[in-house]
Each structure stands twice: as C-alpha cells, then as structure tokens.
Amino acid sequence: MIKAQFSLFTVIPVNITGEDVDDLSRHLWTLPLIGLFYGAVAGGSFYALTRLLDPLVSAAVVVLLVHGLNRFLHFDGLIDLGDGLIATGTHEKKMAAMKDTRVGAGGVGFGMMFTLLTVASLASIGEVGYAPMMFFLPLAAEVLSKNALVTVAALGRPREGLGSPFVSNTRPGHAVLSAVLSLILLAAVFLVLGQWSPGPQSFIPLLMALASVAVGAAAAVVAHRSFGCVNGDVLGATNELAKPFVLIAGVAGVVLFLSMY
C-alpha cells in the first residue's frame, strides 16, 4: 500500500505491480499516511521559509513545491472539474467537457481561484505568528486533504476509468477509518510539538478534520448531480478543494485559542 501511494502520488520512482495498486484501492483509507509525508514537506518548508521570506511568498513556494512533488496530478483534476461543472447539458456532455484536453474558462477559474485561496490561507498562518502552528497547520492540511479524497470516494458512485477501482472498493466505513487515522496522526504530531494538553487548542485538529469531511461530502453531492458519478478527476480535485477550507478552519481555531489567553 505504501509503495503504491508513493508511486501514484509522488514523483519518487517506486516499482509497483498491479497487485500493489489493487491493494491500495481496497485500503484507500490509508491515504492520510502519504498525506503525512506531504505534510512534513509542507510544514517544514513553510516554517523554514518564513524565517527568511514574507509569509505570502513562502506560501506560494510551498504550494508550488507540493504540486511539483505530485506532478500537478491533483491540480489537473481541479482544472478538469472546473471545465465539467460550467458545461451545460447531460451528464455525458459534462463528462466530455471534463475530459477535453483543452482548458476552458471553468478550468482556468477553478485553478486560479482555489490556488489563490490556498496560498492566501497558508500565508494567513504566518500573520497569526504562533510558531508551532506554522508547522502544524500546513501538515494537517495535507493529511486532511487526503481524508477528503477518501470521503468523496467512499460516498461516490463509480464510473469506468482510472479512478473506478478506488471508488468501487471504498466503502462509507472506510471514510470513518480514514478520519480516525488522520486524527491519530495529527494527535501524535500535536504531542511531539508539545501542544497536546486539555484546553481549546486540542480541538483545532478536530475542527480541521470536520472541514475536510464536509468538503468531501459536498464534492460527492456536486459530482453526482453534475456527472452522475465520482471519477478520478473528482478525486484529485477534492484533494485541492479541501486544502483552503481546512486551513481556514485551522487558522480560525488558532485565533480563537489565542483570544482566550
């Protein structure tokens, strides 16, 4: 499963077989583990860069770094989703627009607006100025964006294509497993950072997790209405759609926590 995650979701060369991919499709709920890898990269680089650069510049570099590490895989899904959503007509016509190799206004709009929203949300962490969260929140966003991806797969109806095995083999119960795994990972990081103690700050990861589940569920509803299914593009797009909302939830939680002290 881990080998398949690195092979499919990173540029790191890992030799896998069809059995590895099939195993991952049946255990998609483990995706927060690769999210933890991306989170360590995002959190570590954002914290380091903000020691030298403006938070906005640092955030843009981090977003570019993460996209580069996954070959812009999820960003491509985001653009395709945008094109499909603004198309008119039947499910088939909307699917055709999503699969068209030409990028339309919807794709450009989705790509620009959600990237800007992610960068701005990430930069706002630097404005808060609470050092532990400058590492934790970017990390949590990567873990929980994968949780959102699992959620939309678990609630989705499959369609023939590359994403079909992942949607077909992911059950609603797997979304619960993914959320629990995500919270365990984040609690462990919180503990390592010395932030885990009875008090409002302990609810920041939970607030972010709820945001990721909400985005995944909403993406499933929209995808079913527009396309009649959840395909690979919707999975990838959900990963990107979740990040800004998870970050916003995290920043709101930190601001609320700091206001109490």
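**Packing and pockets**

Author: Leaving aside residues up to four places away in sequence, phenylalanine 136 touches Leu186, Val189, Phe190, Leu193, Pro205 and Met208; contact here means heavy atoms within 4.5 Å. The model is a predicted one, in which local features need pLDDT of at least 70 and side-chain atom pairs count only at pLDDT 80 or more, while totals for chains, interfaces and linings use all residues. Residues are numbered from 1 along each chain as its sequence is written, and side-chain values use heavy atoms, with hydrogens and water left out.

Phe136 and Leu137 have the most contacts inside the largest nonpolar core, which has 65 residues. Such a core is a set of buried Ala, Val, Leu, Ile, Met, Phe, Trp, Tyr and Cys residues joined through side-chain atoms within 4.5 Å, where buried means under 20% relative accessible area (1.4 Å probe, protein chains only). Helix α8 (residues 131–155) provides the largest share of this core, 14 residues; helices are DSSP runs (H or I, at least four residues), numbered from the N terminus.

A pocket is an open set of points on a 1 Å grid over the protein atoms alone, where a 1.4 Å probe fits, with protein on both sides within 12 Å along at least five of seven lines; lining residues have an atom within 4 Å of a point.

The largest pocket holds about 510 Å³ of space, a volume being the space filled by probe spheres set on the points. Among its 25 lining residues, Leu73, Leu162, Gly163, Gly232 and Asp233 lie nearest the centre. At least two lining residues come from each of α1 (2–9), α5 (73–86), α6 (91–99), α9 (164–168) and α12 (232–259), and α5 supplies the largest share, five residues. By class, this lining has ten nonpolar, eight polar and seven charged residues; Ala, Val, Leu, Ile, Met, Phe, Trp, Tyr, Cys and Pro count as nonpolar, Asp, Glu, Lys and Arg as charged, and the others, Gly among them, as polar.

Helix α9 contains serine 164. This serine 164 is counted as buried because its relative accessible area is 17%. Apart from residues up to four places away in sequence, serine 164 touches Pro158 and Arg159.

The second largest pocket has a volume of about 170 Å³. It is lined by 13 residues, and Val215, Ala218, Ala219, Val222 and Leu241 are the closest to its centre. Helix α11 gives the most to this lining, six residues. The lining of the second largest pocket consists of 13 nonpolar, no polar and no charged residues.

Notes: Buried < 20%, exposed > 50% of the residue type's maximum accessible area, 1.4 Å probe, protein only.
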